[in-house]
Amino acid sequence: DTRLIAYVVTTGDLPPADELRTFLRSTLTDHQIPSIFIELAALPTNANGKLDRNALPAPDTSRPELSGGYQPPRTATEEILTGIWADLLDLDRVGITDNFFDLGGHSLLGTQVITRIRTLFDIELPTAALFDHPTVNRLAAAVDATTTGVAVTPITPCDRDRPLPLSFAQQRLWFLADLHPGAIDYNLPMEITFDGPVDSAALTAALTAIIARHEILRTRLVTDADGTPHQVIDPPGQFSMDKIDVTGEPDPRA
């Protein structure tokens, strides 16, 4: 389960989830606000008196307890939207007056909602529509009022007959690299363990295909004669993977 869950210890009645989220929004960003609140008389502990996470009750997939009652969909559009929300929020059902963000939704899930709407309804609906119309009934009205088959301008590669400027993010990294030469702060090594034999030829071919597909993996930042940095995109090539046999070598993590 990828939902953020809050276990609340209280001796009184737990306020509705939407009231708790409204209170938390004064100090937390949207992605830090729990989607589910579970009331407990006390936190479970193990024999050592520490929190026993395995004993915490798992959330169910019923509709969170909101202030308003459940209202079922009335139209085909509302039926489709409640299905989209229930699937993305991992809920059994969603009412047409339920607020997407009060149900635990956030901006990343919101982009998935809009993407599915664009695909299913063949319309170009801006992402901001979900923020302006955060309930199913209001969003359904916006969907029904949008003309279908709106053409979207395709994203095409820019001409490569001139030096390519750095993006703002690249400018920042370029500046930091120039300020601290040789720093490896942004190098993120990762260990991946494979179960069973590894087909090194297939793995090399897969990595070669990925590098050929994504130009950013073949991009270098170089400096002009006047000191202005720009991007250089190398042509696709064969990826070379070194193989080192460490059989019998001590585990460096030990």
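## A first look at this predicted protein model

Of the 254 residues of this protein, 26% count as buried, where buried means under 20% relative accessible area, exposed means over 50%, and partly exposed is in between (1.4 Å probe, protein chains only). The model is a predicted one, in which local features need pLDDT of at least 70 and side-chain atom pairs count only at pLDDT 80 or more, while totals for chains, interfaces and linings use all residues. Residues are numbered from 1 along each chain as its sequence is written, and side-chain values use heavy atoms, with hydrogens and water left out.

### The overall picture

Let's begin with the whole chain. The protein has seven helices and four strands; these are DSSP runs numbered from the N terminus, with helices (H or I) of at least four residues and strands (E) of at least two. Their order along the sequence is β-α-β-α-α-α-α-α-α-β-β. The radius of gyration is 26 Å, well over the 18 Å that the globule rule gives for 254 residues, so the protein is more spread out than a compact globule. That radius is taken over C-alpha atoms, and the rule is 2.2 Å times the number of residues to the power 0.38. Along the principal axes, the C-alpha atoms fill a box of roughly 65 × 60 × 40 Å.

The accessible surface comes to about 17,700 Å², and carbon and sulfur atoms account for 56% of it. Accessible areas come from the Shrake-Rupley method with a 1.4 Å probe, and for residues only the protein chains shown count as cover. Among contacts (heavy atoms within 4.5 Å) between residues at least 6 apart in sequence, 60% join residues at least 24 apart.

### Helix H1 and its cover

In H1, which spans residues 17-24, the buried residues are Ala17, Asp18, Leu20, Arg21 and Leu24. Seen down the helix axis, these buried residues fall within an arc of 160°, so they line one face of H1; the arc is that of the directions from the helix axis to the C-beta atoms. An α-helix has 3.6 residues a turn, so residues three or four places apart point the same way. Thr22 and Phe23 are exposed on the other side of H1.

Strand S2 (36-40) is included in what covers the buried residues of H1. Phenylalanine 37 has its place in S2 and is buried, with a relative accessible area of 16%. Leaving aside neighbours within four places in sequence, phenylalanine 37 is in contact with Ala6, Val8, Leu14, Ala17, Leu20, Arg21 and Leu24.

### Distances along the chain and in space

Valine 246 sits in the segment after strand S4 (229-233) and is exposed, with a relative accessible area of 53%. Here are two pairs of residues, with C-alpha to C-alpha distances.

| Pair | Apart in sequence | Apart in space |
|---|---|---|
| Phenylalanine 37 and alanine 86 | 49 residues | 18 Å |

### Two aspartates with positive phi

Most residues other than glycine have a negative phi. Aspartate 90 has a positive phi, near 60°. Aspartate 90 lies in the loop between helix H2 (76-89) and helix H3 (107-121), and counts as partly exposed at 35% relative accessibility. Aspartate 122 has a positive phi too, near 55°. Aspartate 122 is found in the loop between H3 and helix H4 (128-132), and is partly exposed at 47% relative accessibility.
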